[in-house]
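Me: I would like to see how the labels on this model follow from their cut-offs. Please show the structure before we start.

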Amino acid sequence: MRPFAELHVHLEGTFEVEQFVDIARRNGVTPPSWDVDELRSRYAFDDLQSFLDLYYENLGALRTEEDFHDLAAAYLKRAALAGVRHTEMFFDPQTHLGNGIPLEVVFAGFGAAVDEARRDLGLSADLILCFLRDLGGDAAVETLRAAMPFRDRFVGVGLDSTEVGYPPALYAEAFGIARSEGLRRVAHAGEEGGPENVRDALDLLHVERIDHGNRALEDPDLVARLRDERIPLTVCPLSNLALKTAPPDLADHPLRRMLDEGLLVTLNSDDPAYFGGYHDDNVRAVTEALALTDSELDLLARNSFEASFLGETDRARFLAEIPGVPGPLEAG
Ligand code: HPA
Ligand code: ZN
């Protein structure tokens, strides 16, 4: 199987209905229904905010280290089956802090699952701490400071939640601190917000990748910059369909134009429990809808490792498995 890195997946968005019910039951939390089909019938969204409202509501069921472990472990197992060999996973500590869960509990649970995946699944995995835009810039700074005792448990910071009304400038201080601490930096931008958010995330937050970035295509100068500077976009096709941030027919998805423009695009699942598919489902769906060729799929696989925060040795090891990339012998 062609190896891929997944670079845009929210651990909280991998909370499957069945697992939600199990965890709610063991924690004595009463869900809106005990019926999984009825719960799943609520998974129809008009936009980003209508999804986020349900996503945050469900996270109220998570209480213990075991819950956080089990959530991440289930995703990691499924990702390995999908052919993902390295994953950089977002998590939202502010949501759990708001629910009264200490950071120690979140880091211990997710951290244990990461260690097990490396040991038992041969899956390389790292964590990226996301700031919730709608809680503002000061809260982002406070969250980062509170997380520094766990610095060895995460490789970078990201920015997610409601985009419109919360421009990148608000988080410049938090991202500045992250940079000075040697943390890698990414941000959701151009998902619902305009191309100016993509530009400001690059200029004001010094991010190294853009999550989504679809609306960057509205600005030709920005497209040229993304291409020239080889700035990765982590694209999430099934998420875009579910949240109506791309045309309703996947055949019209901007991925085709991004590839044709020579942008460094990668394929990702975003919130697979909510949007109808994991990494392999996304690959399958766009392969069919956009008639991707084998060499385009190889390119997408290569891009995923090039855009990752892996060290050079690991990156080269994965790249050597993908056709079109010289192996160590040929490279010499
Ligand atoms: N966009 C913004 N914030 C998010 C998302 C998303 O797709 N998923 C979880 N938080
Ligand atoms: Zn996302």
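**Labels and their cut-offs**

Reply: Searching the whole structure gives zero disulfides, a disulfide being a pair of cysteine sulfur atoms within 2.5 Å. This is a predicted model, where local features need pLDDT of at least 70 and side-chain atom pairs count only at pLDDT 80 or more. Residues are numbered from 1 along each chain as its sequence is written, and ligands are numbered from 1 in the order in which they are written.

Me: How do you know that Cys130 is in no disulfide?

Reply: The nearest cysteine sulfur to that of Cys130 belongs to Cys236 and is 12 Å away, whereas the definition asks for a pair within 2.5 Å.

Me: Why is Cys130 called buried?

Reply: Buried means under 20% relative accessible area, exposed over 50%, and partly exposed in between (1.4 Å probe, protein chains only). Cys130 has 0% relative accessibility, so Cys130 counts as buried. Cys236 is likewise buried, at 0%.

Me: What makes the arrangement around the zinc ion (ligand 2) irregular?

Reply: Donors are N, O and S atoms within 2.8 Å of the metal (3.2 Å for Na, K and Ca); water is not among the atoms, so sites may look incomplete. His8 (NE2), His10 (NE2), His188 (NE2) and Asp270 (OD) coordinate the zinc ion (ligand 2) at 2.0 to 2.2 Å. The four donor atoms here subtend angles of 83 to 176°, which makes the arrangement irregular.

Terms used:
Side-chain values use heavy atoms; hydrogens and water are left out. Four donors count as tetrahedral if all angles lie between 85 and 135 degrees; four count as square planar and six as octahedral if opposite donors are over 155 degrees apart and all others between 65 and 115; anything else is irregular.
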